[in-house]
Amino acid sequence: MKENKEIFVRLERCMGCRSCEMACAVEHSRSKSLYAAASEKPVPVRLLFVERAEGRNVPMICRHCEDAPCVAVCRTGALVQDPLTGVVERIEENCIGCWMCAMICPYGVVGRKTEVRMAVKCDRCKDRDLPACVQACPTGALVYATQREFMEMMRKEAASRIAREARAVAGA
């Protein structure tokens, strides 16, 4: 079975620049241009939020949960989970704007497009190879990878860090 890619967050790297938020809003705008998107009506909504908590910047993004509560509570079938990718997608014409999905989301990342009474959420930029937020992150705080790839990357970085520390101690 093919392992799907996810967006992983490396908290220690997030500097709170909000480049990811802006890239997300622009990617989901009609124009796909920063300058044009700024004057669009309705204003493009971001589907990712950088929150400050406990002295850290924390990028909050849809986790596309297994057995997603937003899908389970959606009575109109506006949110469906792709059985192959695990991505929770929105079927725009089915959404009636009841906001049940927003109320049940444990991460608070289902937003509202109030002008058209529609719930909105991360779709992992399904028309792109690399989500806009990940591409825009200047520090690599957002990583688009399979779980295996991410864990391998983290192990290699930890091994390098341990080796550097051991070398520093041996040289002291």
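Which residues lie nearest the centre of the largest cavity? In this predicted model, select Cys 74, Ala 78, Cys 95, Cys 98 and Cys 101, which lie nearest that centre among the 13 residues of the lining. A search of the whole structure returns 4 cavities of 30 Å³ or more.

Select His 28, Arg 90, Glu 92, Lys 113 and Asp 123, the closest to its centre of the 24 residues that line it. Then display strand E5 (88-90) and strand E7 (118-120), each of which supplies at least two residues of this lining. E5 gives the most, with 3 residues. The lining of the largest pocket divides into 12 charged, 10 nonpolar and 2 polar residues.

Proceed to the second largest pocket, with about 400 Å³ of space. Here the selection is Asn 4, Glu 66, Leu 84, Thr 85 and Gly 86, the closest to the pocket centre of 19 lining residues. Its lining has 9 charged, 6 polar and 4 nonpolar residues.

Finally, move to the surface and select Met 22, Leu 34 and Tyr 35, which form a nonpolar patch. Together these residues have about 380 Å² of accessible area. Leu 34 belongs to helix H2 (residues 34-37). Is Leu 34 buried, partly exposed or exposed? Leu 34 counts as partly exposed because its relative accessibility is 42%, and partly exposed denotes the range between under 20% for buried and over 50% for exposed.

Definitions and conventions
Residues numbered from 1 in each chain as written. Predicted model: local features only at pLDDT ≥ 70, side-chain atom pairs only at ≥ 80, totals over all residues. Heavy atoms only, no water. Patch = residues over 30% accessible without salt bridge, like charges linked within 9 Å, V, L, I, M, F, W, Y side chains within 5 Å. Areas by Shrake-Rupley, 256 points an atom, 1.4 Å probe, with all protein chains shown as cover. Salt bridge = Lys/Arg side-chain N within 4 Å of Asp/Glu carboxyl O. Helix = DSSP H or I, 4+ residues; strand = E, 2+ residues; numbered from the N terminus. Buried < 20%, exposed > 50% of the residue type's maximum accessible area, 1.4 Å probe, protein only. 1 Å grid on protein atoms, 1.4 Å probe; cavity = no way out; pocket = protein on both sides within 12 Å on 5 of 7 lines; lining within 4 Å. Points joined across faces, edges and corners; volume = space filled by probe spheres on them. Nonpolar A, V, L, I, M, F, W, Y, C, P; charged D, E, K, R; others polar.
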